[in-house]
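Me: Could you walk me through reading a structure like this? I'd like the general idea each time, then the case at hand.

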Amino acid sequence: MKVEVVSTHASLWSGEAVSVIVPAANGDLGILTGREPVLAVLRPGTLKITPTSGSPVTLDVSEGFVSVDENAVTVVLDTADEPASLRWSE
């Protein structure tokens, strides 16, 4: 699925992913290919992306929302750490 993570300042991450976990207001929300459309508000927490290739990516986020529609995930953040804070997990 196509994943885009953007903030008010920049595009933070873009690519194909196997799964995404976002800190939704009512608890963590896991997103896989084929997920029904959803729009959710985010709370402070950690966004986790498992790309189709390469190491997993995590990003500390404060507020924003996630939109899922037809295997496309868009995460819009009000604020986030600078792109340099992206962490590739081993």
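Reply: Below we go through the fold, the core and the charged pairs. Keep in mind that this is a predicted model.

Me: What about the core? Which of its residues touch the most other members?

Reply: In soluble globular proteins, nonpolar side chains tend to be buried together. In this chain of 90 residues, 34% are buried. The largest nonpolar core has 23 residues, and Val5 and Val66 touch the most other members. Strands β1, β2, β3, β4, β5, β6 and β7 each supply at least two core residues, with β2 giving the largest share, 6 residues. Beyond its close sequence neighbours, Val66 contacts residues including Val22, Leu29, Val38 and Val73.

Me: And how many salt bridges are there in the whole structure?

Reply: Side chains of opposite charge can pair when their charged atoms come close. A search finds 2 salt bridges here. Asp28 and Arg43 meet at 2.7 Å, N to O; this pair links strand β3 to the loop between β4 and β5, 15 residues apart. Glu4 pairs with Lys2 at 3.3 Å.

Me: Are Asp28 and Arg43 exposed or partly exposed?

Reply: Compare the relative accessible areas. Asp28 has 53%, so it counts as exposed, whereas Arg43 is partly exposed at 30%.

Definitions and conventions. Residues are numbered from 1 along each chain as its sequence is written. This is a predicted model: local features need pLDDT of at least 70, side-chain atom pairs count only at pLDDT 80 or more; totals for chains, interfaces and linings use all residues. Side-chain values use heavy atoms; hydrogens and water are left out. Buried means under 20% relative accessible area, exposed over 50%, partly exposed in between (1.4 Å probe, protein chains only). A nonpolar core is a set of buried Ala, Val, Leu, Ile, Met, Phe, Trp, Tyr and Cys residues joined through side-chain atoms within 4.5 Å. Helices (H or I, at least four residues) and strands (E, at least two) are DSSP runs, numbered from the N terminus. Contact means heavy atoms within 4.5 Å. A salt bridge is a side-chain nitrogen of Lys or Arg within 4 Å of a carboxyl oxygen of Asp or Glu. Lists of a residue's contacts leave out its neighbours within four places in sequence.
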